[in-house]
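Have the sequence and the model open side by side. This report walks through the fold, element by element.

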Amino acid sequence: MRPFAIACRVLVALCAPIVASDSAAQDTTIRLEGDGRLGPAADEHRGASAAYGYEGSPLSVVPAMIELAGITRGDVVFEPGCGDARVLIAAMQAGASTGLGVDIDPDLAEVAYAAVKKAGLADRIEIRWGNALGVDMSNSTVVFLFMGEAFNLILRPLLWRQLPVGARVVSNDFAMGGWKPDRTVRAETPGRTYTLYLWTITQAVKDEVAP
Ligand SMILES: C[S@@+](CC[C@H](N)C(=O)[O-])C[C@H]1O[C@@H](n2cnc3c(N)ncnc32)[C@H](O)[C@@H]1O
């Protein structure tokens with residue numbers, strides 16, 4: 001298993017109590033604003049990008065993720081574990097309306113915020129620091145993931161419950177257990193082949209988690 005997948009599993013174990021009850025899930029993330037520097041509360045969590053499992057989707061793979069999602073004008077994009085926000089920025093450049101990126105690594109959240117500002121997209125992309133599993137995504141029409149299958153499996157019922165019918169979920173390289181994708185695409189890079197997955201939220205999957 002790749003190191004970042006292992007790290008994601010550790011994180012997911014740590015995060016599990018937060019989603020033990022969906023209704024109890026709480027968004028305790030912090031929005032980056034102004035100069036984009038997080039306060040002292042972030043300091044004890046810094047310098048641990050390797051442990052948090054950062055690996056950016058290769059820039060050569062990002063266009064295939066955007067195309068698979070079928071980004072259109074008006075899309076509202078959510079990216080749990082947004083890293084440096086390269087996928088969110090590409091989604092906005094492809095015509096999406098707004099985006100929300102959340103990363104548990106404060107250093108990366110700051111990098112993402114700086115990248116968003118540099119791209120002139122601070123009015124359309126919000127970056128937050130914290131655990132993405134507590135964030136309400138019910139207004140999202142597209143979700144991008146590159147998180148590890150264990151994380152995906154924790155997120156899956158939240159996607160089904162919260163996302164509107166017709167929303168698309170694109171995951172780089174990690175499946176969703178028995179949830180059959182609508183499409184898969186292989187993206188080749190010199191060192192590795194990535195499998196991209198697309199799912200669409202239907203009424204049937206929502207009914208599976210209906211109370
Ligand atoms: C493999 S990287 C993917 C980065 C980005 N999505 C991309 O495709 O370029 C996974 C990211 O998820 C973040 N992460 C891991 N667990 C998280 C959680 N529970 N909430 C928010 N971010 C998390 C890590 O810090 C890391 O930046």
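## Helix H4 and the glycine after it

Glycine 95 follows H4, and its phi is positive, near 120°. This is a predicted model. How many residues of H4 are buried? Seven of the eight are, which leaves H4 mostly covered. The buried set is Arg86, Val87, Leu88, Ile89, Ala90, Ala91 and Met92.

What do these buried residues pack against? Their partners are H3, S2, S3, H5, S4 and S5. H4 spans residues 86-93, and it also supplies at least two residues of the shell around the ligand.

## The ligand shell

The ligand is surrounded by 28 residues. Tyr52, Ser57, Gly81, Gly83 and Phe146 are the closest. By class, the shell divides into 16 nonpolar, seven polar and five charged residues.

Which elements supply at least two shell residues each? They are helix H1 (3-19), S2, H4 and S3. H1 gives the most, with four residues.

## The sheet and its edges

The chain holds seven helices and eight strands. The eight strands form an open sheet with mixed pairing, in the order S1-S4-S3-S2-S5-S6-S8-S7. Strands S1 (30-31) and S7 (183-188) stand at the edges; each has a single partner strand, so one side of each lacks a neighbour in the sheet.

Helix H3 (residues 62-69) packs on this sheet. H3 touches S5 (142-145), S6 (168-172), S7 and S8 (193-200), and its direction makes about 155° with that of S6. Helix H5 (residues 106-118) lies across S3 (98-103) and S4, running at about 165° to S4.

S1 and S4 (residues 125-129) run antiparallel and are joined by two bridges. Arginine 31 has arginine 128 of S4 as its bridge partner.

Glutamate 126 also lies in S4. Is glutamate 126 buried, exposed or partly exposed? It is partly exposed, because 18 other C-beta atoms lie within 10 Å, and a buried residue needs 20 or more. Leaving aside neighbours within four places in sequence, glutamate 126 contacts Arg31 and Leu100. Glycine 99 is 27 residues away from glutamate 126 in sequence, yet their C-alpha atoms are 6.2 Å apart.

S5 is covered on both faces. Val142 and Phe144 are buried on one side, and Val143 and Leu145 are buried on the other. In a regular strand, side chains alternate between the two faces of the sheet.

S2 (residues 76-80) runs parallel to S5, joined by two bridges. Here valine 77 stands opposite valine 142. S5 also pairs with S6 in the parallel sense, over four bridges. In that pair, phenylalanine 144 stands opposite valine 170. From S5 the chain crosses to S6 through helix H6 (residues 149-162), and this β-α-β crossover is right-handed.

S7 and S8 run antiparallel, with six bridges between them. A hairpin of four residues joins the two strands. Valine 185 stands opposite leucine 196 in S8.

Arginine 186 sits in S7. Why does arginine 186 count as exposed? It has 9 C-beta neighbours inside 10 Å, and a residue with 12 or fewer is classed as exposed. Beyond residues up to four places away in sequence, arginine 186 touches Thr193 and Thr195. Aspartate 173 is 13 residues away from arginine 186 along the chain, with 9.2 Å between their C-alpha atoms.

## The chain as a whole

The chain has 211 residues, and 42% of them count as buried. What share of contacts between residues at least 6 apart in sequence joins residues at least 24 apart? The share is 73%.

Conventions. Residues are numbered from 1 along each chain as its sequence is written. This is a predicted model: local features need pLDDT of at least 70, side-chain atom pairs count only at pLDDT 80 or more; totals for chains, interfaces and linings use all residues. Two strands pair if DSSP finds at least two bridges between them. Two residues are in contact if their C-beta atoms, placed from the backbone, lie within 7 Å. Axes are lines fitted to C-alpha atoms, for helices over the stretch in contact, and angles run from 0 to 180 degrees between N-to-C directions. A crossover is right-handed if, with the strands pointing away from the viewer, the path from the first strand over the helix to the second runs clockwise. A residue is near a molecule or strand if its C-beta atom, placed from the backbone, lies within 6 Å of it. Ala, Val, Leu, Ile, Met, Phe, Trp, Tyr, Cys and Pro count as nonpolar, Asp, Glu, Lys and Arg as charged, and the others, Gly among them, as polar.
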